[in-house]
Amino acid sequence: MAEAKVFPMNAFVSVLRGDAADQTQLDMLAYITQAETLDAEFAPVAQSLSKAWIYEQEPGLTKYAEGDIAKLGNQVKIEALPAAEAARAQKVLEVLGALKAENEALKAQVEALTAEKADLAAKIAPLEAQAKTVAAQNAAGEQKVTVASSKLDEMTKKLNDLMAEVEKVKSQGVVVAGVAGGEGAAAPAAGAADGPVVGGEPEADFGLGGDAFSGDTW
């Protein structure tokens, strides 16, 4: 067991009261628990362990009022925890220290991830805006294509109608020409007396009169 050590009475009283630990109280708690260093964050745990030890050594202190304890003097001599008890106390404090270190590592990781998230968000924002613009342009383009297709269909229909009309006119034109030709052919028949009659059987004298092969004409 470590040799008893003297501490200020106010530090002793603050430990019993569970007050926030200053450096003097931390030194006292570290001595009682035999811890090399003591984090102020773990002072409440060390206070509980130390109070149990103090009341075990001096049970009468539990009956003292705060003012009565302060009247005992300006200083107090305290013995450290026995080796086995001190080892258990140190183990508890080490576990707390490890948990704190892990918690700090997790906090650092969260901060890093938060910063990374913010950075990604800053990079994604313009990409999302660009994607919306492209989507709008694509939608407008699709609309233009739809309109163009509609116009093309309309023009194609008009062209087909026009071609059908042309074919119809052409067809009607041939019929009219044929009828006109028939009428033209019939016209000369009305004046057939003005020219030779074509057709029919030839006359015996070939139109020369008499027998063409008689007499001394040769």
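Author: What follows takes the helix and then the salt bridges. This is a predicted model, where local features need pLDDT of at least 70, side-chain atom pairs count only at pLDDT 80 or more, and totals for chains, interfaces and linings use all residues. Residues are numbered from 1 along each chain as its sequence is written, and side-chain values use heavy atoms, with hydrogens and water left out.

Reader: Which residues of H3 are buried?

Author: In H3, they are Ala43, Ala46, Gln47, Ser50, Trp53 and Ile54, where buried means under 20% relative accessible area, exposed over 50% and partly exposed in between (1.4 Å probe, protein chains only). Seen down the axis of H3, these buried residues fall within an arc of 135° (taken from the directions from the helix axis to the C-beta atoms), so they line one face of the helix.

Reader: And what do they pack against?

Author: The buried residues of H3 pack against helix H1 (9-17) and helix H2 (23-33), with helices being DSSP runs (H or I, at least four residues) numbered from the N terminus.

Reader: Switching topic, how many salt bridges are there?

Author: The count comes to four, a salt bridge being a side-chain nitrogen of Lys or Arg within 4 Å of a carboxyl oxygen of Asp or Glu.

Reader: Which residues does Lys100 pair with?

Author: Lys100 meets Asp39 at 2.3 Å, N to O, and Glu41 with the closest N and O atoms 3.3 Å apart. Lys100 lies in helix H5 and Glu41 in the loop between H2 and H3, so this pair ties together parts 59 residues apart in sequence. Through shared partners, Asp39, Glu41 and Lys100 are joined into one network.

Technical notes:
Helix = DSSP H or I, 4+ residues; strand = E, 2+ residues; numbered from the N terminus. Contact = heavy atoms within 4.5 Å.
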